[in-house]
Amino acid sequence: AATEAVTRALADAAERDASDAARLLALAPAFGVDAFDEDGASPDGDVAADAVDADAVAATTRAAFDGPLLLTRLFSRCARSLARNVADADPDALAGVSADAFAATVGRDDLGVADEDEALALAQAWVSAKRRSPAETLTVAASVRWPQTSAAAARNARDAFRRASGGVTLLSPRLEALFAEAPTLSGAAEARADDLPGLDDATTEKDAVFFSSPASPTSSPLAVATDGASVSLSASKSAKSSFRDAARRRAPRERFGTLLTFLRAGDANGVFRHVGSRGGRSHFRNPASFGMFGDPRESARLGPNAGENADKSSIAQNSRIVVTASSPSCPHTNPAQVTSGAYARVNFAGPPRRSENASGASGAGPLGESFETWQRRYNGGWWRFDLGEARTLRCAHYSMRHDGTAHFPRHWELQGCASATPPRDDDDDMDEDDDARSRWITLRKHVDDRSISAPGAWASWAIDAPASSTPVRFLRLVLTGRDEHAPEDEHAGRFHLCSAEFYGLLACGGKLGGRA
């Protein structure tokens, strides 16, 4: 009973102070604890303090803390407490945590960091704090979700890991394979037979053929005899574990957002479908119509006094996707059509009007270029998407569906902006002193792209790093050149678009935003 009371007191102390949790966690190797039960440390596993039956409480307590579960449960709770409050922990206390305990902490879904770059910074600081063995470095590196890191953070971490390894030019193949999971780091070294787990010493590279999955560079290869008659079972078990670990690293932490995976053009996995169906919990509604009084269902919900009840729809307004076209709405320019998923015979964004004050008194164009050069720049239509103040998307894929006309786009750009306020749609009007976050950045540029060549056809494209790791709130599709069927007058500058969809890591804030 005394041991149980002390254990509970220590666990409660760890809950209150992250540095104390780290100091307690540093004692885990001394007690022979190298595995941490995440489920056992959850609040659901704790004994209810206000349970009615005292004997049942005592029996449950004894069952929970008897034998090896006593220390495992204590240190698991310390790992949970440290993960949730890691930003408040003393760096020296963190540096003293063992590799297994630190990896269990950083690998948790409820790690208290804003994004994966901060998780990588924690691992980088731990590795750099003191000299670590290659096995310890690999253990901690494997807890980071490398596919979710940014380009700059991954490059810096690779240099730090190299310095922590004594400045060696080549790191171990397994560590290089982990780095290769990052969006912009590649060139992992070929694994050698003596570096692969699960193989007996008697098994040589000559006697075995190694297979690895391209989707999982860190997966442990299978060892198959050249006659095909036997398979190393230990290698197969290790490969299964490696595939599972690689899949975990590819998935973002739940607190960071929802991963919207592209399967095919026209699927139901994109951001508009996700928001319109409340994350799959309801039937799809066009997210561009959320909170709009023109929506019959919204009017019915607010009742006859819709004006007086306008504040009741504020949540719906915040969850709405706002679509804007470069030309005024008309029967053939319907912004809400693009997010509805329905087919449209004709839907286009016309060319915007030129700025009236572009020439200025001196006859020069914006940003110091000549007015003639600016005037010759192509004036194409655009579609702009505002995901909402509570959402950002790291766009990894996008798809478009053409309308029923033969005016196929050939030159256009997908642009994004991370600003909290709508950026200017005419970049030419921007001053040099404007905040860089309020400018459009090019996520993908298309020049003479003939992917769309039939009315109503879908096409999709991947976004390369580092653009795919940039969180943006605003997205814009802008026409940058004339299509081959557009005459000089009527259709010039029109961007025909029936539907569009975007994929990637969707981060949401707020109660409703987190769900949708």
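How many bridges join strand β6 to β12? Five, and β6 (residues 382-386) and β12 run antiparallel. Before going on, some ground rules.

This is a predicted model, where local features need pLDDT of at least 70, side-chain atom pairs count only at pLDDT 80 or more, and totals for chains, interfaces and linings use all residues. Residues are numbered from 1 along each chain as its sequence is written, and side-chain values use heavy atoms, with hydrogens and water left out.

pLDDT is the predictor's confidence in each residue, from 0 to 100. The chain has a mean pLDDT of 74, and 65% of its residues reach 70 or more. Over residues 42-54 the pLDDT is below 50. Residues 186-222 also have pLDDT under 50.

Back to the strands. Helices (H or I, at least four residues) and strands (E, at least two) are DSSP runs, numbered from the N terminus. Two strands pair if DSSP finds at least two bridges between them. The order in this open sheet of five strands is β4-β6-β12-β8-β9, with antiparallel pairing. At the edges are β4 (322-325) and β9 (441-446), each of which pairs on one side only.

Strand β8 (residues 412-417) is joined to β12 by six bridges, and Cys417 has Phe474 as its bridge partner.

Is β12 buried or exposed? Six of its six residues (474-479) are buried, so the strand is largely enclosed by the rest of the structure. Buried means under 20% relative accessible area, exposed over 50%, and partly exposed in between, with a 1.4 Å probe and protein chains only. In a regular strand the side chains alternate between the two faces of the sheet. In β12, Phe474, Arg476 and Val478 are buried on one side, and Leu475, Leu477 and Leu479 on the other.

Next, a helix pair. The axes of α6 (residues 99-106) and α8 (residues 134-141) come within 8 Å and cross at roughly 10°. Axes are lines fitted to C-alpha atoms, for helices over the stretch in contact, and angles run from 0 to 180 degrees between N-to-C directions. That makes α6 roughly parallel to α8; angles under 35 degrees count as roughly parallel, over 145 as roughly antiparallel, 65 to 115 as roughly perpendicular and the rest as oblique. In contact terms (heavy atoms within 4.5 Å), Ala99, Asp100, Phe102 and Ala103 of α6 meet Glu136, Thr139 and Val140 of α8.
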